[in-house]
Amino acid sequence: MPSMDTFLSIDEVARRTGLSAHTLRYYERIGLIGPVARGSDGRRRYSAADVAWIGFLLRLRGTRMPVASMQAFARLRAAGDHTAGERRQMLEKHLATVVAEIATLQHSAAALADKIAHYRRLEDTGAAPQPSSRRKR
């Protein structure tokens with residue numbers, strides 16, 4: 001992460017975050033990232049705070065938060081600290097969705113594990129037909 005007095009180019013931020021420069025510009029255009037400071041050459045110069053915010057956006061994206069919800073969160077953040085309660089509520093609601101999705105995935109993973117164990121037992125007892133090397137026509 002850059003220090004407080006060091007700025008990164010869009011290519012450096014892209015390398016650090018795994019996002020493309022195109023995606024970073026898109027995020028700025030749709031309001032996920034606030035206007036990025038520009039150098040005297042007109043090029044974007046990302047601060048440590050910008051990079052930290054992008055990292056948080058990536059975590060939200062990793063939880064499958066919809067872009068529209070991320071935009072709403074970004075607007076509240078930009079409005080200031082008086083929106084902290086609304087942002088907390090948004091995150092609590094999203095966390096409940098994530099926890100429910102995790103429970104669903106755990107249930108599905110257990111069902112898959114049971115089915116795999118079933119097929120292994122069939123294979124071990126010789127009850128399962130072995131895959132044929134001949135193709136059916």
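Trainee: What kind of model is it, and how are residues numbered?
Mentor: It is a predicted model, where local features need pLDDT of at least 70, side-chain atom pairs count only at pLDDT 80 or more, and totals for chains, interfaces and linings use all residues. Residues are numbered from 1 along each chain as its sequence is written, and side-chain values use heavy atoms, with hydrogens and water left out.

Trainee: How many salt bridges does the structure hold?
Mentor: There are 5. The term means a side-chain nitrogen of Lys or Arg within 4 Å of a carboxyl oxygen of Asp or Glu. One of them joins E28 and R44, at 2.6 Å from N to O.

Trainee: Which parts does that E28 and R44 pair tie together?
Mentor: E28 lies in helix 2 (residues 21-29), and R44 lies in the loop between helix 2 and helix 3 (48-62), so the pair ties together parts that are 16 residues apart in sequence. Helices here are DSSP runs of H or I with at least four residues, numbered from the N terminus.

Trainee: Are E28 and R44 buried or exposed?
Mentor: Both are buried. Buried means under 20% relative accessible area, exposed means over 50%, and partly exposed is in between (1.4 Å probe, protein chains only).

Trainee: What does R43 pair with?
Mentor: R43 forms a salt bridge with D41, with the closest N and O atoms 3.9 Å apart. R43 is exposed at 57% relative accessible area. D41 is partly exposed at 45%. There is also a network of salt bridges that links D41, R43 and R45.

Trainee: And R88, what is its partner?
Mentor: E92, with the closest N and O atoms 2.9 Å apart. R88 and E92 are 4 residues apart in helix 5 (residues 84-125), so about one helical turn separates them. R88 is partly exposed at 41%, and E92 is partly exposed at 43%.

Trainee: Switching to rings. How many aromatic pairs are in the whole structure?
Mentor: A search finds 4. Rings of Phe, Tyr and Trp (its six-membered ring) pair if their centres lie within 6.5 Å; planes under 30 degrees apart count as stacked, over 60 as edge-to-face and the rest as tilted. Among the pairs is Y26 with Y27: the centres are 6.3 Å apart and the planes are at 50°, so that pair is tilted. Y26 is partly exposed at 34%, while Y27 is buried at 7%.

Trainee: What about F56 and F73, how far apart are the centres of their rings?
Mentor: The centres are 5.7 Å apart and the planes are at 40°, so this pair is tilted. F56 lies in helix 3 and F73 in helix 4 (residues 67-79), so the pair ties together parts 17 residues apart in sequence. F73 is buried at 5%. F56 is partly exposed at 23%.

Terms used. Helices (H or I, at least four residues) and strands (E, at least two) are DSSP runs, numbered from the N terminus.
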